[in-house]
Each structure stands twice: as C-alpha cells, then as structure tokens.
Amino acid sequence: MAYQLKNKQLVIDIAEPGDYTGTRFDHSGFITGATLLEGNHSFCVPESLNPAQGTGGVGICNEFGLSKAIGYDETEVEEKFPKVGVGLLSKPNNEKYDFSENYPSDPFDISALQKDSQSITFTVLPKDCRGFAVMLVKTISIEGNRLTIDYCLHNMGTRIIRTDEYAHNFFGIDDHLMGPDYVLKFPIELSPWSDDKETMDVLSFHEKEVRWKLEPEKEFYFRIKGFEAASYPWIWELLHEPSRTGVRELSKFTVSSVAVWGSRHVVSPEMFIELNLAPGEKKSWSRVYEFFTE
C-alpha cells in the first residue's frame, strides 16, 4: 500500500517500503509524486522513461554513500557491508564500489506510522554488521505549499560512521522537456566543472543561472562548490518560465558539494551533506521544498 499526504495546496505520494527493490536509493520515504493543486501542476518524473534503463529512481529519493559505501573497502568478497536505508549488501568481487550496481541484499526492516493526512514517519531498524549499526528515522510532512523531510541518523554500533547523503530530485514540471523554457538558479556565482565537459555543451551559465540552449539529446552533468545553506533564503530554484511554475529548496545545512544531473525529460539538483557519527552519536538535518506558481 502506498501512502499519501494532502492539504489544501499539496498532494505528496510516497511508496510503500519494498516497492522499490534496488540497492541504490533509501527505501524509506521514497516520494514518487508531488502535485501543486493550484493549477494542478506536477513535478516528479522517473529517472528514465525506459524501464530497462537507469537505477529505478523517481521523484525525491535520497541515497547514502554515493561513493563512500560504509566499510566496503575492508569487506571481503561474499561478506556484507551496510547501505543506510537499504540493507546489508553482499560484496560480489573486488571491484570498486559502484552505486549503479544492484548488489545482493538483506533488506532492513522498516516501519511506517502515519499520524494524520499531513505527516508520516518511517523508521529503518539497524542490523549489526561487524560493528556498524545505524538507525534512520525520517519524517515527511507538509504545511501549505512546503514539503519537509526531517532525518535523524543514530549510530547504534561500535564503529564510526562516515558517509554522505543527498536527494536525487528527479523533476520535470508538468512533463515539459528540458530546454530554453527552463531556468535553474543558485544563490552563488557559478564556476561549474565536469569530468566530461561535453555533457555541459547543451547548457549556458551566466552568473547564478543555468539555462538550456536547446532540448538535450543525451545526459548532462556538472558540479559546483559547496556553500553554507543557512546564509541564503533558498539554495536552488527550478522555474518553467512559460507557466511561471517552479520548485525551490530551502534547506539550511552545510552543503558539502553540489551536482546537477539530467537528460531530455528531467533535471536533478543534488545537495550533499557530509555525515560523521561516533558510536552513540545522533545527527539530524532537514530538506525543505517549496512548490509554487506565480
């Protein structure tokens, strides 16, 4: 059974834990739909329009340890390592950890408690793995036109947890394709870079804005430096200019780095947070999204 949050301005659709069976994204609080009722505007799209491609992402789904899988390097072949929000994954070989690989998994147990129509809490219970054990509590709530995701990570093991987290925001406003009708804004001057500069050819950068020269035929990707989110009223904004409809993120944590990925139908601004927890330590942070039409 899927879950839904609703008020007079927003409808948020959330998958049942286990509906997503991949080993990349957090299984708890997997947001598949966001609708702004004024104008009936939709925002969430799938990572790929071809079900046989991609890693199964949809809408707002977060990932822990994109390139920093906890304990992976010391894990022997066929032993297990933890992936926060997913489960204990089995290491099949001595290759470098690959977030896109679907590893054999012993999933974590996840409970869901929906108190009312505007709030739901997911709890991911820990399983010990050579001293690594993490409990994740995630509360998703809505108020007006804002969606808030509150996270609390609790290191219940005997070893230090070092990882990172980000939300892969798969957005395409009202299914409009990426192109000159969109603008992506940041609060800082942009100095973008990419390991593959050709992926940036479709984009135009001017001061704090990113625009599309045309509809992209392939994936695009770039990165920018991190910044202190609390210094700004919002940290990114995506606007579809013809409809004056958009979404912005108002989170207040220290953004360790920024990546932007997308293709013809989707763009995903990704704000990373570094997480280092000693045994017994807790870390809380929030992501806040505001959906609007002008």
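**Ground rules**

I'm working with a predicted model, where local features need pLDDT of at least 70 and side-chain atom pairs count only at pLDDT 80 or more, while totals for chains, interfaces and linings use all residues. Residues are numbered from 1 along each chain as its sequence is written, and side-chain values use heavy atoms, with hydrogens and water left out.

**Entry 1: the largest pocket**

I started with the open spaces. A pocket here is an open set of points on a 1 Å grid over the protein atoms alone, with protein on both sides within 12 Å along at least five of seven lines; a residue lines it if it has an atom within 4 Å of a point. Grid points are joined across faces, edges and corners, and a volume is the space filled by probe spheres set on the points.

The largest pocket holds about 840 Å³ of space. I found 34 residues lining the largest pocket, and Leu66, Ser67, Lys68, Phe99 and Phe272 are the closest to its centre. Next I looked up which elements give two or more residues to this lining: they are β13 (161-169), β17 (220-228), β20 (254-263) and β21 (266-277). β13 gives the largest share of the lining, with five residues.

Then I sorted the lining by class. Ala, Val, Leu, Ile, Met, Phe, Trp, Tyr, Cys and Pro count as nonpolar, Asp, Glu, Lys and Arg as charged, and the others, Gly among them, as polar. For the largest pocket I noted 15 nonpolar, six polar and 13 charged residues.

**Entry 2: the second largest pocket**

This one has about 210 Å³ of space. Its lining includes Glu47, Ser48, Trp261, Arg264 and His265. By class I wrote down two nonpolar, five polar and five charged residues.

**Entry 3: the cavity**

My search of the whole structure gave one cavity of 30 Å³ or more, and the largest cavity has a volume of about 90 Å³. It is lined by 14 residues, with Pro82, Val84, Phe108, Ala133 and Val134 nearest its centre. Strand β11 (residues 134-143) supplies the largest share of that lining, three residues. The classes come out as 12 nonpolar, one polar and one charged.

**Entry 4: salt bridges**

Side chains of opposite charge can pair when their charged atoms come close. For a salt bridge, a side-chain nitrogen of Lys or Arg must be within 4 Å of a carboxyl oxygen of Asp or Glu. How many salt bridges does the structure hold? I got 18.

Arg211 is partly exposed at 28%, Glu209 is partly exposed at 26%, and Glu241 is partly exposed at 26%.

Glu215 and Arg264 form another salt bridge, with their closest N and O atoms 2.9 Å apart. Glu215 lies in the loop between β16 and β17 and Arg264 in the loop between β20 and β21, so the pair ties together parts 49 residues apart in sequence. Glu215 is partly exposed at 34%, and Arg264 is partly exposed at 37%. I also noted one network of salt bridges with shared partners, joining Arg146, Lys185, Glu237, Arg248 and Glu290.

Two strands pair if DSSP finds at least two bridges between them. I followed an open sheet of three strands in the order β6-β7-β8, with antiparallel pairing. β6 (80-83) and β8 (105-107) are at the edges with a single partner strand each, so one side of each has no neighbour in the sheet. Strand β7 (residues 87-90) is joined to β8 by three bridges. Which residue of β8 stands opposite Leu88? I found Asp106 there.

How values were computed: 1 Å grid on protein atoms, 1.4 Å probe; cavity = no way out; pocket = protein on both sides within 12 Å on 5 of 7 lines; lining within 4 Å. Helix = DSSP H or I, 4+ residues; strand = E, 2+ residues; numbered from the N terminus. Buried < 20%, exposed > 50% of the residue type's maximum accessible area, 1.4 Å probe, protein only.
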